[in-house]
Amino acid sequence: MLVLGFESSCDETGVALYDTQHGLLAHALHSQVAMHAEFGGVVPELASRDHIRRALPLTEIALKQANKTLADIDGIAYTQGPGLAGALLVGTSIAQSLAFALNVPSVGVHHLEGHLLAPLLEENPPQFPFVALLVSGGHSQLMRIDGIGQYQLLGDTLDDAAGEAFDKTAKLLGLSYPGGPELAKLADKGSAKFKLPRPMLNSGDLNFSFSGLKTAVLTLANNNQPLTDAIKADIAWEFQEAVTEILTTKCMNALRETGLDNLVVSGGVGANARLREKLNAATKRKLCKVSYPRLEFCTDNGAMIAFAGAMRLEAMRLEQLKSGKPQQNYSVSVKPRWDLAELQMP
Amino acid sequence: MNLLALDTSTEFLSLALKLGERTFTHYQETGSASSQLVLPQIQVLLDSTNVQLKDLDGIAFGAGPGAFTGVRIASGVAQGLGFGANLPVVGINTLTAVAEASGQDKVIVCLDARMGEIYHAVLVKQNGIWLEISETKVCKPQDAPTLEGGDWFGAGSGWAAYSDVLTQVYTDNLSQILPNILQGITPTAEAILRLAQPVFAAGQAKPAMEAMPIYIRNRVALTTLEREQGLRL
């Protein structure tokens, strides 16, 4: 089954082709990061305006890469939520209309399910069940994953997401938007000069809190004026140490509590080299396995949507063969707020 | 020639299907539900006439200006259908569609653009072709461009939203404000179809991926620098 996937939930347009027999055949991406930079953040209306310019040209690129034509497509997947309503509507309207015109089934994919399953696109993919850490600008969650659509939330952030804390701290230090990756780069030049708190490290549960850390950075910055580049680098170093230590500790706690020995990390912060270093060391000590998506699939992309969609479309097809009832709905509707817990097995 | 036309730029969903000399339409008040209904209603229209997308020669859509999300849905649907069925597309300015739908030849079109503004154009039909006497713009109703002469018709949702101000601006020009919904307040798919047909016939339709919205209002956010300078939208 060849599935075309569309991602347009925020500031990246992604299109990909996934084949259930031959794996990922092609993926094309356009990032709007540069466009939003001068606004200091994502402008939803501008994001939507860009998605509608990019979606079909990227589709042509993906088809060409895979040496396929529209006639080869057996199903279409699109990000239905959560995300920016207007941006989601662009991908959804194009995907649904294309599915309608090609007379193939379509499925709306939960963006986070895409991220959660992204490591399964790699060679030697992790086997269910596993513990998943989803860390990005919008999320910091620990989950137990028993299969497609079988997700149990183990822990969540009580305030800022980890990636959000990275971006906000970067802004405090005067780094340019989006600051997270810049902050990580700066941290490489720093060393252990300051001490920041580790909020909720020993809270006894699997929840996170990162907003206090941001405030502590502000205090630290105010107490060390003028902020030289060297001081900024040392603050960045300690900030990254704090966040990665909290994330690593909670991951190991989650493995212990669930009795699982398999950890999967996804989301933009999952690309952080220091986090990977710590998780690799900690899991090795406990004889556990840790998997990551390739760096380009940590951030938003079409490949993860095509993959998650293919899993669901395949299951729907089998169900339909049994019941004999075709159930295709070509309505263009999005779910800007969509709780992952509402997802069910396909 | 067989053509499908659609408009989702207002709180109405408007569809028209032209099969040779016959035209079938669907017009429905949907509020904000046009996105959910557009493809199912196209299916109903095609099924009821026993036609498939591949039997068509092209797709026309209301490109805007109008509600940003609405005009993007029309564009997205035109893109997806056109790309999937290998059909060319024609986007029609919604203000021209309102003028066409009015049945008059001298029309001042004002659409409610929200935020205290209107989308505005002055259009005259000569030998079956619409000419823009005053080009499509977004402005405050009191700043609407003034006109010479009389016998003008006012059409579009802006006339209901800002009737006092607009009536005053055009007090020397107006013959009548067209009140009836089907006669001019919205860009109907039927009007879009009539305007698009000569474009298709002339071979000037575009590939589906070039189905793009017309926004007119392009200043939608302030840069960091502009905010620091205390500027406002």
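**View 1. A:Asn272 sits in the loop between strand E9 (262-266) and helix H9 (273-285) of chain A.** Helices (H or I, at least four residues) and strands (E, at least two) are DSSP runs, numbered from the N terminus. This is a predicted model, where local features need pLDDT of at least 70, side-chain atom pairs count only at pLDDT 80 or more, and totals for chains, interfaces and linings use all residues. Residues are numbered from 1 along each chain as its sequence is written, chains are lettered from A in the order in which they are written, and side-chain values use heavy atoms, leaving out hydrogens and water. With a relative accessible area of 10%, A:Asn272 is buried (under 20%; exposed is over 50%, 1.4 Å probe, protein chains only). A polar atom of its side chain lies 3.0 Å from the backbone nitrogen of A:Arg274 and one lies 2.9 Å from that of A:Leu275.

**View 2. Here are the contacts of A:Asn272 beyond its neighbours within four places in sequence.** They are A:Phe166, A:Ala184, A:Gln240 and A:Thr244, contact meaning heavy atoms within 4.5 Å.

**View 3. Helix H6 (residues 179-187) of chain A has buried residues, among them A:Leu183, A:Ala184 and A:Leu186.** Seen down the helix axis, the buried residues fall within an arc of 160° (directions from the axis to the C-beta atoms), so they line one face of H6(A). These buried residues pack against H5 and H8 of chain A. Turned away from the buried side, you will find the exposed residues A:Pro181 and A:Lys185.

Note on methods
Polar contact = N/O pair within 3.5 Å; in protein donor to acceptor, adjacent residues only side chain to side chain.
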